[in-house]
Amino acid sequence: MKKDYVALRSKSSLNKHDILTISGLANKDVKKGFKTINASVGAYYDEEKKFGRVPTIENAIKEKFSEKMAYAAVTGHENYKKGILSYAFGERLKTIKEKNEIFFGATLGGTGALSIAFNLFTDTDSHVILPDVMWSNYKLIAKKANCSHRTYKLFDESDNWNLKSIKEEVDDEMAKKGRALLLINDPCENPTGYSMSKKEYEDLFAYLNKKGEEGELVVLFDIAYYNFSDTECPLFEMLEGDLNFLPVVIFSCSKSFAVYGFRCGAFIALCPDKESKEDIGNAFRAQVRGTVSSPVGPILHSIGEVLNDKEAVKKVIDEISVNKMALVERGNYLTSLLDEAGIKHYPYKSGFFLTLKVENAVATFDALAEKHFYVVPIDEDKVRIALSGISKSECLDLVNALKEVL
Ligand SMILES: Cc1ncc(COP(=O)(O)O)c(C=O)c1O
């Protein structure tokens, strides 16, 4: 008789269409010698298909990594905290600090920050409120954090960003539970590439500030791709205002600094007072100690050293900008090809991904995979293209293949 070692509550597995699984299929095809296009995984490669490095960060890692091999503090090194806060908020940090008590915790990537946040802010009978067109891993992170999820419609029937739907979901959760956890992934939303406008942020914040009067309203702002937006994200300016809800910025070093494999990020809560900062800090530290023990000290130290050196930061910004501009150009090219071919997609502004509206996502995936072209089926009628990983000439090949299979 087959023994069933895995406990009931842990019985789950990665979806057949998990992004890293699909990327594995593409890599196998490459090894077999097929002309392959891997538009599945979210990492930036340049036009020559070279990994999009940020040399100043990479050199610092080579030089500094071994300086701090001991355990890091549970919330990370001080130089990392100082460096990330000043890198993320820039000149706005002064006002944000005056108006809030900032709790900062280093994490294992943005994923680590999300997992901690889902654990900290939901009970087992409450939900995290996610966009309906989303990075699919949110659902798995929620499941493993033992909470449920519900979704708001990211766009309305006319493809406009949909505050009405956010309001309906948050209102309902607040009415039932007296508290709510909402997630906004902006700018360069994964998987659509949409970025919210200033007006959309103003309307969102007006609603959140009013709603926050009713109870504990926590909003996670996942800014994993913000360095790849072609305009400054209005979020940062909005965070300088008076806030009546708890914003938590989910920061990821993976994409911006091209350090995906090192697993570093941050959980940044803008708390209204010292008491809530202490409560959140206590819960954060317990969550870390009871799961991964502490963050990855050597990488925090290396990045911290760079971000506390003004000249190095200028170089980092320039280096990221080269990657960003190339991606903006590629995105414009891909959208023009799709629009010319009449292939429908969600509104794309910038970033790593674009999502097609198709009739049958799995059939589209299968037909493309036969040609050794790999995209990611999302739900029944959406297909994600990671344009971050393909060159302009591959964009053309992919659109030609789509014209055949759709
Ligand atoms: C929307 C979004 N948020 C967060 C992350 C987390 O990235 P990491 O854990 O590598 O920092 C990703 C990674 O793909 C993502 O797409």
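In this predicted model, three of the strands make up an open sheet, lined up in the order 9-12-11 with antiparallel pairing. Strand 9 and strand 11 (376–378) sit at the edges, each pairing on one side only. Strands of a sheet pair through backbone hydrogen bonds, either parallel or antiparallel. Here, strand 9 and strand 12 run antiparallel and are joined by 5 bridges. As for who faces whom, leucine 356 has valine 383 of strand 12 standing opposite.

The sheet also has a helix to go with it. Helix 13, covering residues 361–370, lies across strand 11 and strand 12. Relative to strand 11, helix 13 runs at about 175°.

Zooming out, the protein splits into two domains: domain 1 takes in 8–53 plus 317–405, while domain 2 spans 65–312. Their centres, taken over C-alpha atoms, are 26 Å apart. Where the two meet, 24 residues of domain 1 are in contact with 21 residues of domain 2. On the domain 1 side, the elements giving two or more residues are helix 12 (310–341), strand 9 (353–357) and strand 12 (382–386). Helix 12 puts in the largest share, with 5 residues. Sorted by class, that side of domain 1 comes out at 12 nonpolar, 7 polar and 5 charged residues.

So much for the two parts of the picture; strand 9 and strand 12 link them. These two strands pair with each other in the sheet, and both are also on the list of elements on the side of domain 1 that touches domain 2.

Technical notes
Residues numbered from 1 in each chain as written. Predicted model: local features only at pLDDT ≥ 70, side-chain atom pairs only at ≥ 80, totals over all residues. Domains from an automatic or database assignment. Contact = placed C-beta atoms within 7 Å. Helix = DSSP H or I, 4+ residues; strand = E, 2+ residues; numbered from the N terminus. Nonpolar A, V, L, I, M, F, W, Y, C, P; charged D, E, K, R; others polar. Pairing = 2+ DSSP bridges. Axes fitted to C-alpha atoms, helices over the stretch in contact; angles between N-to-C directions.
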